[in-house]
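I opened the model to look up its contacts, fold, surface and aromatic rings. My notes follow.

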Amino acid sequence: MDEETHAEICAPSATGTILTSSLKATKSPFSGGHGFCGIARIKLLQILQQRAAGLGVKLVFQTESPILMTTRLKYDLVIASDGASSITRRKYEHVFKPNIQVRRNRFVWLGSRRKLDAFTSTQRN
């Protein structure tokens, strides 16, 4: 990554080295020295989009792209981010070889506007 983009990403990022666990009202550090960095997904996307546009990249959004070999000839790079039921992934399954497993899982990532002083794992008994 170039220095300008790196600096743009680091400026709004939250960083730290201590991991904490929160159980009921008690919060305690349980591990240190790992290093982590967090940034809002929308902010990261905005930074990357602005940087790409500034470098002359033509960005096209919310457009269905025909999945044809000719698409590769017209563009240097095509990013197909068409979700969990990706037509692109199904079309090129033999190339991507996806391993999709739907399971019962009690773990979930949640977003919050609340600033935390450490990477915090919240547990419930």
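I began with contacts, meaning heavy atoms within 4.5 Å. Of those in the protein chain between residues at least 6 apart in sequence, 45% join residues at least 24 apart.

The model is predicted, so I note its limits: local features need pLDDT of at least 70, side-chain atom pairs count only at pLDDT 80 or more, and totals for chains, interfaces and linings use all residues. Residues are numbered from 1 along each chain as its sequence is written, and side-chain values use heavy atoms, with hydrogens and water left out.

Next I read the secondary structure. I found five helices and three strands in the protein chain. These are DSSP runs numbered from the N terminus: helices are H or I, at least four residues, and strands are E, at least two. The order along the sequence is α-β-β-α-α-α-α-β.

Then I checked burial. Buried residues (under 20% relative accessible area; exposed is over 50%, partly exposed in between; 1.4 Å probe, protein chains only) are 11% of the 125 residues in the protein chain.

I looked up Val 57. Val 57 sits in the loop between helix 2 (41-54) and helix 3 (69-74). Val 57 counts as partly exposed because its relative accessibility is 43%.

Last, the aromatic rings. I found one aromatic pair in the structure. Tyr 92 and Phe 96 have ring centres 6.4 Å apart and planes at 75 degrees, so I logged the pair as edge-to-face. The cut-offs for Phe, Tyr and Trp (its six-membered ring) are centres within 6.5 Å, with planes under 30 degrees apart stacked, over 60 edge-to-face and the rest tilted.
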